[in-house]
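Take a walk through this structure, one chain at a time. Have the sequence and the model open as you read.

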Amino acid sequence: MTTREATAPRGASAAPPRRRGDRLAAILVWAVATLVAGVLLWIVLDLLRHGLVHLGHAFLLEAPRDAGRAGGIAPVLATTGLILAVTLAVAVPLGLASAILLSEFIRRGSAFAQFVRRSLEVLAGVPSIVFGLFGNALFVHYFGMGYSVAAGGLTLACMVLPLFVRASEEALRAVPDDYRRAAAGLGLTRFAAVRSVLLPVALPGILVALVLSVGRALAEAAALLFTSGYVMRMPESLADSGRTLAIHVYELAMNVPGGEGNAYATAIVLLGLLLLINLGTALIGRHVLVRTGE
Amino acid sequence: MSPARTERAVVWSLRGAALAAAAIVGLIVALLLVESIPAIRNLALRLVTDSGWYPAPAATDGSFRITPMVVGTLLITAGAVVIAAPLGLASALFCRFFAPPGVAAIYRRLVELLAGIPGVIYGFWGLVVLVPLISALRPPGASVLTAIVVLALMILPTVALLSESALRDVPQRHLQAAAALGLSRWGTIAGVALPAARSGIVTAVILATGRAIGETLAVVMVVGNIVQIPSSLLQPARALTGNIALEMGYASGDHRSALFFSGLILLVLVMLLTALAAWLRGDEHDHA
Amino acid sequence: METEPPLERAEAFRPWHTPSPREDCCPARRPILRALDVTVSYGGTTALRNVSLGINRGCITAIVGPSGCGKSTFLMSLNRMTDLVGSASVIGDIRLDEQPVLGDAVDLLALRRRVGLIAQRPNPFPLSIRRNMTFPLREHGVRDRARQTEIMEECLHRVGLWTEVRDRLDRPALGLSGGQQQRLCLARALALEPEVLLLDEPCSALDPMASAIIEGLIEELRGRYTIVIVTHNLAQARRIADDMALFWATDGVGTLVEAGTAEQLFTRPCEALTRAYVSGMRG
């Protein structure tokens, strides 16, 4: 026992340095958090301060003038909407089919499931400029679509597909197995169970997947530069070229001297749309929680 | 059709759709390879040995040294990761261990918001706010350093959110054991939480690195885009991604092919990083 | 094995009656830890009410009682592990060597070093065996590597683990068997040389062999450390305890029924409830 006491840590220095380490760490971490919050505020406030003056309903409804320095962004909004429509029209059926297959029809560990999942994982990491190259080569040149809303939308569809598949697969997997058993007990085929039970139950989750994909597509610019192009006219068909909000910001800021004002205003519109989407997913999420009573 | 046959038809069409989705990535690689062939055949080592980057549609008319762009990309990426990794990790620690619950929830929302801001807006902010600031320090302002700061801000939320989820996965009983031993907060973090969450945090940094390599417009808007190997962080440079964005609009022939080849380089870099992250994650599952 | 007392009896029992250990039975016994009127609640729901209990220095005190009677909650409150549950509040007074345990001014890190806790499920860190032993030491100010190694070796010896792990000190602690992990946790706590060791059903997650080893170790520590052990196992309590306290839950609220020497509670309990509970072992 005496030897034990000799080795006891009680003999160690009375005020251990750990307290100082603790305080230092706390100070550093709080400083970083303040910095990050400060930068976000800086970005948002800077946009609002310079952009709000140009913003009004005329800005949303008018055509741009003087290379975009004056006027509004009506054709840009229209193009953005059209490209999104093409993107969703392609990505949703393809993605939903993949998600249904992965969650309902094949085993998680099967070779095909692994292959699909791995491929989508890699696809999710592909840089957007590479999507742009791909879309330019395949849709614009090989398919002869030229710079067009359709080519841009298809390119974006490829880009948001992994995100959409993963999120909707998760939504389907979250449906309790009881429903599947109940459907099987009624003698429904698995497809009938999917169509009439699982999809309706998973619908809020699938909507979240959809909204997330829209957000990703809205924020994208690099993949569109050489697929949908940067023409500022109002598109008359899917074969016309057109620019989205993100590209409009880029073009005004980089290539139009004196375009900053409208670039600010467009950036606010873009950020506002993304915020709405953020809010949308939160609301859908809340709705799910309420419905399942969790 | 009988229900069983309908079902079989449905499953096969679903398989077809999934196959198509999975095939996209293969198609991308194949197309990039095919489009790069002229560059590989006509330029090959000239991509490194040529005197500069003065591209022309025919290989013989121009010079095609892409080394400065590769260096630019690596430099900007490395700088951004070096800044974003510690700050992102500190953000995650703040949420998990230091902030009162209410503050942590608000702060997490804020970081998610940062994660949702498009690259174009980061680039625009960098152009109108940071470039003049750094220009006051030393002109021209649009420089490697500006790009590093903008990119670091962009990937910081990725590091923060993924590290935080890794830290959250550290079992509660480890933290309880640490408390029962009277370990200090920092002792618990450094000795228990960080080692336990290590692979998740490393994965977070790797994925953020992938994002940084691939980011295009935010970098184009603030880096100055001059083709040179910068001798200081305050000089302008050009990134691989930016090079594609700036020149694809008018490129043709071997020039266009060289741009596809640089896209291929980017793709390979990012795929290697993704594979590394997947491998680390698999490694983790083996331990569990 | 344990017989439930008749319902009327339980209802007739007055929860605020909290006998303290009879000093006259064992005059040499001096409490090191004293709980006075301790009430613990989780988010407004009372888990434990008005417990007053002294823990005698150098003795093994067994806390027994049915599930959900607040035994573990009481144990956790003794070194403020209850603080980790955000909604928990502890009122009353707890004194360690006459110094307060509750209150904001208390240095929690120092307190928990003096009052160690062994959890029900072994909880080694996901680090190597060596790191599990040395890193808490370093945190508590033992910086010298040689000394850390010395303490590690000695403590692993004392829990009988040294010969089993000496060749794989740098392997993950989670690779050990459950019983070995629990002994490692014990060694890790001993390395900090605590005054009081709280053991929360330390054998319940282990097989009988491993459980017997741990029990033997606890007996060996008698006298050097003050030990408080929560156990479901009356036979175990009888084998090792000097003092004993019986907790009981009435309407979901835990209270102390009776406390005293183990001998006294087993052979001549004051409370009918105690008699019924300990006789469960015989019946």
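A residue is called buried when its relative accessible area is under 20%, exposed when over 50%, and partly exposed in between (1.4 Å probe, protein chains only). The model is predicted, so local features need pLDDT of at least 70 and side-chain atom pairs count only at pLDDT 80 or more, while totals for chains, interfaces and linings use all residues. Residues are numbered from 1 along each chain as its sequence is written, chains are lettered from A and ligands numbered from 1 in the order in which they are written, and side-chain values use heavy atoms, with hydrogens and water left out.

Start with chain B. Its secondary structure comes to 12 helices and two strands. Helices (H or I, at least four residues) and strands (E, at least two) are DSSP runs, numbered from the N terminus. Along the sequence, the pattern reads α-α-β-β-α-α-α-α-α-α-α-α-α-α. The C-alpha trace of chain B spans about 75 × 75 × 30 Å along its principal axes. Of the 288 residues in chain B, 57% are buried. A contact means heavy atoms within 4.5 Å. Among contacts in chain B between residues at least 6 apart in sequence, 72% join residues at least 24 apart.

Now look at where chain B meets chain A. The contact takes 75 residues from chain B and 75 residues from chain A. The two chains bury about 6500 Å² between them, and 82% of that is on carbon and sulfur atoms. Buried area here is the accessible area (1.4 Å probe) that two parts lose on being put together, summed over both. Seven residue pairs are in polar contact across this interface, with both residues at pLDDT 80 or more. A polar contact is a pair of N or O atoms within 3.5 Å; within protein, one must be able to donate a hydrogen and the other to accept it, and residues adjacent in sequence count only if both atoms are side-chain atoms. Helix H1 (residues 3–42) of chain B gives the most to the side of chain B that touches chain A, with 20 residues. That side divides into 56 nonpolar, 12 polar and seven charged residues. In this sorting, Ala, Val, Leu, Ile, Met, Phe, Trp, Tyr, Cys and Pro count as nonpolar, Asp, Glu, Lys and Arg as charged, and the others, Gly among them, as polar.

Salt bridges come next. Side chains of opposite charge can pair when their charged atoms come close. The rule asks for a side-chain nitrogen of Lys or Arg within 4 Å of a carboxyl oxygen of Asp or Glu. Over all chains, the structure holds 26 salt bridges. How many salt bridges are there between chain B and chain A? The count is one. B:Glu7 and A:Arg190 meet in a salt bridge, at 3.6 Å from N to O. B:Glu7 is buried, with a relative accessible area of 14%. A:Arg190 is partly exposed, at 45% relative accessibility.

Another pair lies within chain B. B:Glu112 forms a salt bridge with B:Arg109, with the closest N and O atoms 3.6 Å apart. The two residues are three apart in helix H4 (residues 101–116) of chain B, so about one helical turn separates them. An α-helix has 3.6 residues a turn, so residues three or four places apart point the same way. B:Glu112 is partly exposed at 30% relative accessibility. B:Arg109 is also partly exposed, with a relative accessible area of 45%.

Move to chain C. The side chains of C:Glu164 and C:Arg183 meet in a salt bridge of 3.1 Å, N to O. C:Glu164 lies in helix H6 (residues 162–165) of chain C and C:Arg183 in helix H7 of chain C, so the pair ties together parts 19 residues apart in sequence. C:Glu164 is partly exposed, with a relative accessible area of 33%. C:Arg183 is buried, at 7%. A network of salt bridges links C:Arg57, C:Asp97, C:Arg114 and C:Glu195.

Helix H7 of chain C covers residues 178–191. Of its 14 residues, 13 are buried. After H7(C) comes C:Glu193, whose phi is positive, near 50 degrees.

Finish at C:Thr134, in helix H4 (residues 129–139) of chain C. C:Thr134 is buried, with a relative accessible area of 9%. Not counting residues up to four places away in sequence, C:Thr134 touches C:Gln148 and C:Met152.

Methods:
Expected span 1.5 Å × (residues − 1).
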